[in-house]
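This report covers strands, a helix and charged side-chain pairs. Please read it alongside the sequence and the model.

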Amino acid sequence: MQDDSDKTGTSLSATLSAIARTLQAEPDVDTTLAAIVKAALDHVEGAEYAGISLVERGRPIRTVAATGDVVSGIDEVQYRVGQGPCLDAVAEHQVYTTGDLATEERWPAFAPAAAEFGVHSMLSYRLFVTDTTLGALNLYSRARDAFSRQTVEDGTLFATHAAIALVGAQTEAQLTAAIETRDVIGMAKGILMQRHDIDAVGAFRLLVESSQSTNMKLHQVAAWLVENRHEL
């Protein structure tokens with residue numbers, strides 16, 4: 001006979017599998033991000049709002065998906081004062097939760113300002129694959145002590161699936177962009193070869209020289225040439 005804990009584990013596993021299939025079916029990064037925050041509200045007990053903060057090379061951390069203005073408002077406080085559960089989850093590679101922002105002492109510059117938005121509980125997960133940190137999944141509730149220990153553990157599994165789906169979408173987007181860039185450069189080379197009666201090497205050299213002289217990236221020069229070929 002199967003006990004209640006076994007039934008709960010089976011149900012959670014089935015739910016997570018369904019979530020993973022849903023997220024992986026999304027067509028692009030933005031849609032995947034939106035699907036993650038929606039699924040978080042549907043499947044993480046106690047969550048009333050959800051958001052994703054993204055870490056990108058050369059850019060400050062930013063909120064890229066949110067289920068309400070309150071999410072963006074609280075996140076902006078964190079970014080401005082440089083402290084909060086989201087930032088600690090990313091930096092310390094741990095899960096951070098608080099049951100009452102109004103009395104929270106770990107983030108004195110953040111918690112009182114965040115509580116003014118009417119939110120008391122927060123739960124922040126680092127989104128990562130292997131050693132690569134993508135950002136953080138943040139959950140919010142107006143209730144005090146909204147996230148139980150079991151919810152925190154279940155949410156960790158959800159965050160793992162979300163990170164895998166997100167990195168998959170990012171990788172596909174990068175591959176698509178690379179293919180499009182290659183195709184545009186190829187078209188630009190063809191235009192130059194025809195116009196100047198030169199070979200592919202000579203055409204590519206002209207693109208490189210134009211890139212250097214205009215301080216534009218190679219694919220930008222190529223895209224400009226393709227777009228304006230009839231006016232040249």
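Why does Glu 48 count as partly exposed? The reason is its relative accessibility of 28%, because partly exposed covers the range between buried, under 20% relative accessible area, and exposed, over 50% (1.4 Å probe, protein chains only).

## Basis

This is a predicted model, in which local features need pLDDT of at least 70, side-chain atom pairs count only at pLDDT 80 or more, and totals for chains, interfaces and linings use all residues. Residues are numbered from 1 along each chain as its sequence is written, and side-chain values use heavy atoms, with hydrogens and water left out.

## Salt bridges

The structure holds six salt bridges (a side-chain nitrogen of Lys or Arg within 4 Å of a carboxyl oxygen of Asp or Glu). Glu 48 pairs in this way with Arg 142, with 2.5 Å between the closest N and O atoms. This pair links distant parts of the chain, 94 residues apart: Glu 48 is in the loop between α2 and β1, and Arg 142 in the loop between β5 and α6 (149-196). Helices (H or I, at least four residues) and strands (E, at least two) are DSSP runs numbered from the N terminus.

Another salt bridge joins Glu 104 to Arg 106, the closest N and O atoms being 2.9 Å apart. Glu 104 counts as buried at 16% relative accessibility, while Arg 106 is partly exposed at 43%. Salt bridges with shared partners also join Glu 56, Arg 59 and Arg 62 into one network.

## Glu 56

Glu 56 lies in strand β1 (residues 49-56) and is partly exposed, with a relative accessible area of 24%. Its side chain makes a polar contact with that of Arg 62 at 2.7 Å. Thr 133 is 77 residues from Glu 56 in sequence, yet their C-alpha atoms are 9.2 Å apart.

## Helix α2

Helix α2 (residues 29-43) has 15 residues. Its buried residues include Leu 33, Ile 36 and Val 37. Lys 38 and Asp 42 are both exposed; they lie four residues apart in α2, about one turn of the helix, and their side chains form a salt bridge (2.9 Å, N to O).

In strand β4 (residues 121-129), eight of nine residues are buried. Strand β3 (residues 96-98) pairs with β4 in the antiparallel sense over three bridges (pairing requires at least two DSSP bridges between two strands), and Thr 97 has Leu 123 as its bridge partner in β4.

β4 also pairs with strand β5 (residues 132-141), again antiparallel, over nine bridges. Here the bridge partner of Met 122 is Tyr 140 in β5.

How values were computed. Polar contact = N/O pair within 3.5 Å; in protein donor to acceptor, adjacent residues only side chain to side chain. Expected span 1.5 Å × (residues − 1).
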